[in-house]
Amino acid sequence: MVKRVFEKPLSWLERILFLDFIRGLSVTIRHAFSKTITTHYPYEKLTPPKRFRGFFGHKVVNGKEPQPAFDEWVERFKIKVEPGKSRCVVCMLCKRACPVPQLFEIEGEKLPDGRRVVSTFNMNMMLCTFCGFCVDACPVDCLFQSDIHETAGYTRKDSVLDLQTLERIGRDWQRRREEEPDRIWIDDHQRWRLWHENRPELPEVKR
Amino acid sequence: MEGLLAWLIITLVKILVILGIVLGIGAYLTLVERKVAAHIQRRPGPMVVGWHGLLQPLADGLKLLTKEDLYPRYGNPFLYNLALVMALVPATLVFAVVPFGPEFEVLGIKVKPILTDVNIGLLLVFALGSMAVFAIALAGWASNSKYALIGSMRKAGIVVSYEVVITFAVMGPIILAGTLSTYDIVQKQIEQKLWYLWLQPMAFVVYMFAMLAETGRVPFDVQEAEAELVTGFTVEYGGMKFGLFPLVEWYIEVLSLSAIAVVLFLGGWSPINIPFLGFIDPLFFLGPLSPFVWFILKVSLLFLFVLWLHWTLPRYRIDQITTTAWKVMLPLTFVNLVLTAVIAPLIWR
């Protein structure tokens, strides 16, 4: 079998008749008359794949926590578990794993009955590189990255995700995409449907 | 006196019609270019302003007109503005000798749809064409910027090389027709039942190359060269002044040179030609309008071909361009000229 390594140089005939030009022109005319592949952005939107690394969220307690890790951490820190609230156990492993740790502002609160609960969880997205190390570090599958990528805001405060926002994103995620198989290919029509059914909103501007 | 008045009115109407058509179409060709470029790259192009972006040129013009008028502090304001005039006027003047159709009668007055049927029309075209180099050299010089100067130097080099080539390329049709008047060249082609393309294919190819080079189209757009020279000589211009240069260079000049190519090689307003036998007119049902439609059709097809080339080919290096001009194109045109000059008088007349 002969392997072709280089294109042969053009012969004189090819040069005189502009065959290389004609070959190129035939390619462009074929593309000119085929269907366009543009998504008309503000009117049409693509749903990113499930493993897309967008804005962060907190998954909430719904009985599908990774066991036995979740119970072990809850027992160790005496965490108060409440369905519908964040799974966070205030272990600080996300902050530990982060290359820019100051973007996390995590505080726990001790309740009168001696149990603890997460009270503050702020993430400053201005500093974030979306590397996903914090998600890998989370032992209870709480912190995750969602498919929200339209993250522009009017103030710097808009890009700080607080606990309520994180939980809201998590609830939204668990409702619409938690059960979905991990689709990473591009021509998946189901993703188009998914986007239009859900309208995840970012926090309102508060001044 | 009566005749003079009628002549004056007819000429004024012609000037207004030609200017209106050329400048209006020039603006809308930006949309055509964007659409063609987009579809070649499998994008839809402008879609938002108007139906399929039909109002986009107006929006662009409005935006460019309302921008702040800046000019470089250490540049030369007079030359800076003069360059614009020097670019626009010769390019538009070429249309004075473009024949749009055959002679017709309105209210008993015979009207030729050509502004001035001078007997040295083609000479005028190429004289005006070589004026374009002044505009670009002045724009580069007056901008007081390295990028602009490099761009204008490149362009000047290209235009100087290809001006020679294009002049020798059109010698063939001129010899065959025996006249320099654009109107008479088309008449001769119709009389001889022959588009000169069939006898002068080499001259046509060389003419197309020179046309691309003169108008700064790909593959000869080294004076633009977005990647290395920002946008070449227009880099210090802002607002509508910036918009005017591509308008002139890419649209009006391409349009005028396409029209001249149609006149010289494709038989002007004549329908499809079978060499030496006659003409076939599939548009006969348009009656007296058919020649005008044919002319516009040919010019627009040639313009679309230029666009198609633009969005297909890569860019040549400046030394490759001038080498092609002096070492390939010019000898080819010489050969063509000598062959035509020797054979044409023997067989032709």
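**Figure 1. Helix 9 of chain B in the predicted model.** Ten of the 14 residues of this helix are buried, so helix 9 of chain B is largely enclosed by the rest of the structure. The buried positions are Ala203(B), Phe204(B), Val206(B), Tyr207(B), Phe209(B), Ala210(B), Met211(B), Leu212(B), Ala213(B) and Glu214(B). Helix 9 covers residues 201-214 of chain B, and the distance from its first C-alpha to its last is 20 Å, close to the 20 Å expected at 1.5 Å a residue. After the helix comes Gly216(B), which has a positive phi near 70 degrees.

Figure 2. Asn144(B) has 16 other C-beta atoms within 10 Å and is partly exposed. Lys193(B) sits in the loop between helix 7 (182-191) and helix 8 (196-199) of chain B. Because a residue needs 20 or more such neighbours to be buried and 12 or fewer to be exposed, Lys193(B), with 15 C-beta neighbours inside 10 Å, counts as partly exposed.

**Figure 3. Chain B as the setting of the views above.** Chain B contains 13 helices and four strands. Along the principal axes, its C-alpha atoms fill a box of roughly 60 × 50 × 50 Å. A compact globule of 349 residues would have a radius of gyration near 20 Å, and the 21 Å of chain B agrees with this. Buried residues account for 41% of the 349 residues. Of the contacts in chain B between residues at least 6 apart in sequence, 76% link residues at least 24 apart.

**Figure 4. The contact between chain A and chain B.** Eleven residues of chain A and ten residues of chain B take part. On the side of chain B that touches chain A, six residues are nonpolar, two are polar and two are charged.

**Figure 5. The hairpin of strand 2 and strand 3 in chain A.** Strand 2 (residues 104-110) and strand 3 (residues 116-124) of chain A are antiparallel and are joined by seven bridges. One of the facing pairs places Phe104(A) of chain A opposite Met123(A) in strand 3. Five residues lie between the two strands of the hairpin. In this turn, Gly114(A) has a positive phi of about 90 degrees.

**Figure 6. The three-stranded open sheet of chain A.** The strands follow the order 2-3-5 with antiparallel pairing. Strand 2 and strand 5 (160-161) of chain A are the edge strands, each with a single partner strand, so one side of each is left without a neighbour in the sheet. Strand 3 and strand 5 of chain A pair over two bridges in the antiparallel sense. In strand 5, Leu161(A) is the bridge partner of Met123(A). Met123(A) also stands opposite Phe104(A).

**Figure 7. Helix 6 of chain A against the strands.** Helix 6 (residues 163-176) lies across strand 3 and strand 5 of chain A and runs at about 90 degrees to strand 3. Its buried residues are Thr165(A), Leu166(A), Glu167(A), Ile169(A), Gly170(A) and Trp173(A). These buried residues pack against strand 1, strand 3 and strand 5 of chain A. An α-helix has 3.6 residues a turn, so residues three or four places apart point the same way. The end C-alpha atoms of helix 6 of chain A are 20 Å apart, which agrees with the 20 Å that its 14 residues should span at 1.5 Å a residue.

**Figure 8. The cis peptide bond of chain A.** The bond between Gln67(A) and Pro68(A) is cis, with omega about 5 degrees. Pro68(A) is part of the loop between strand 1 (56-58) and helix 3 (69-77) of chain A.

**Figure 9. Chain A and its elements.** Chain A has seven helices and five strands. Read from the N terminus, the order of its elements is α-α-β-α-α-β-β-α-β-β-α-α. Buried residues make up 17% of the 207 residues of chain A. Among its contacts between residues at least 6 apart in sequence, 73% join residues at least 24 apart.

Terms used: Residues numbered from 1 in each chain as written. Chains lettered and ligands numbered in written order. Predicted model: local features only at pLDDT ≥ 70, side-chain atom pairs only at ≥ 80, totals over all residues. Pairing = 2+ DSSP bridges. Rg over C-alpha atoms; globule rule 2.2 N^0.38 Å. Contact = placed C-beta atoms within 7 Å. Nonpolar A, V, L, I, M, F, W, Y, C, P; charged D, E, K, R; others polar. Expected span 1.5 Å × (residues − 1). Axes fitted to C-alpha atoms, helices over the stretch in contact; angles between N-to-C directions.
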